[in-house]
Amino acid sequence: MNSLLLISIVGIVSATSDELLSVNVVIRHADRAASSGWATPESPTILFRGNGELTDDGIDNAFAQGKDFKERYVKTGFIDKRFLPTEVFVRASEVNRCLMSAASFTNALFKDTSKDHAVIPPIYTKEQANDPLLVPLLSCQDGWDDVIARFNLSSNVNVMQTSVVAMMQTMWPAACSTVNPALFDAIIAELPNKLINMPANYKSCAQGVHYLELLAGAGNSFNELRLKRVAGLLTNELLNNFAAVANCASVPCPGQPKMRIYYTIYQKNGQKANFVDTNNCASGCSLSAITAAAAPRNHCSDSVRLNRSLIILVSDKHVELHIYIAFMHIGYETGAKS
């Protein structure tokens with residue numbers, strides 16, 4: 001899997017008598033073919049579903065991920081093995097590879113019916129044009145001053161395209177400079193597939209993941225404005241989920257699923273100290289102090305302005321947030337300072 005955008009949220013877990021309240025999982029789609037183009041002549045045959053579609057490896061990997069979660073949350077009794085709609089909520093962006101990844105993941109979670117048929121939860125989605133939560137806007141022309149200065153670009157027009165050429169010419173191995181930039185997505189998508197024999201100079205372009213960080217304003221290419229646009233709304237959703245459970249008078253909380261799963265077309269860890277200021281807070285904090293209102297999808301201002309990533313929970317209870325970044329799983333437990 002490749003990666004693009006998300007913020008990590010960290011807190012403190014009570015040292016004594018934890019009770020798990022809620023689990024939020026954010027995953028990018030599994031292995032897929034490039035959105036357009038092919039790295040090798042044999043690629044279309046091997047990746048037979050076509051451009052942008054999930055591969056068999058992707059289906060298997062998503063299923064294996066689901067099995068891991070079954071061990072942790074179903075077999076331990078946190079959620080019912082038969083699947084109860086009140087306990088599990090699944091949402092995916094309206095892209096085939098995301099919907100199929102979500103189906104493969106949840107296929108592994110629950111007990112089959114008495115006739116050995118898989119139990120797959122409903123997967124909620126929205127049209128891409130109206131889904132800023134999981135398909136953030138990337139076409140804004142402002143917020144690129146750092147990229148323009150870094151690569152001495154002539155203007156902010158088509159920065160997304162011109163910056164990848166500049167990176168290949170100035171930052172990546174010399175062998176990569178001979179590769180057509182239009183193949184970038186195909187190289188990144190196809191490199192993990194063991195059936196595809198890729199030229200050595202193509203492999204050197206696998207550092208293209210740094211370009212994805214640049215688009216996101218993440219990692220070493222940190223840019224607060226770009227990062228807020230891409231990750232702000234989803235971060236706000238997660239914080240609201242946590243707050244709703246934390247402020248609920250009963251456990252389990254009526255109307256609040258124990259597990260929420262989000263499959264997104266874009267995802268990347270974007271943690272940066274001066275953007276995500278992680279603190280512990282025992283009192284006097286509220287969700288309104290953490291986030292401001294979100295902008296609509298077609299607006300190029302900040303999506304969400306975050307002051308700090310802190311979550312206040314009832315003492316001796318916690319929630320868990322799982323973020324999947326490429327092949328790496330980062331699991332955070334967040335809770336109140338005891």
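Leaving aside neighbours within four places in sequence, Ser221 touches Asp146, Arg150, Glu213, Leu214 and Arg226 (contact means heavy atoms within 4.5 Å). This is a predicted model, where local features need pLDDT of at least 70, side-chain atom pairs count only at pLDDT 80 or more, and totals for chains, interfaces and linings use all residues. Residues are numbered from 1 along each chain as its sequence is written, and side-chain values use heavy atoms, with hydrogens and water left out.

Ser221 sits in the loop between helix H8 (209-216) and helix H9 (224-246); helices here are DSSP runs of H or I, at least four residues, numbered from the N terminus. At 5% relative accessibility, Ser221 is buried (under 20% relative accessible area, 1.4 Å probe, protein chains only). Its side chain makes a polar contact of 3.0 Å with that of Arg150 (a pair of N or O atoms within 3.5 Å, one able to donate a hydrogen and the other to accept it; residues adjacent in sequence count only if both atoms are side-chain atoms).

On to the rings. The whole structure holds 6 aromatic pairs (Phe, Tyr or Trp rings, the six-membered one for Trp, with centres within 6.5 Å; planes under 30 degrees apart are stacked, over 60 edge-to-face, the rest tilted). Phe69 and Tyr73 have ring centres 5.6 Å apart and planes at 40°, so this pair is tilted. Both belong to helix H2 (residues 56-74), 4 residues apart, or about one turn. Phe69 is buried at 3%, and Tyr73 is buried at 1%. Ring pairs tie Phe69, Tyr73, Phe78, Phe105 and Tyr263 into a cluster.

Note on methods
Helix = DSSP H or I, 4+ residues; strand = E, 2+ residues; numbered from the N terminus. Buried < 20%, exposed > 50% of the residue type's maximum accessible area, 1.4 Å probe, protein only.
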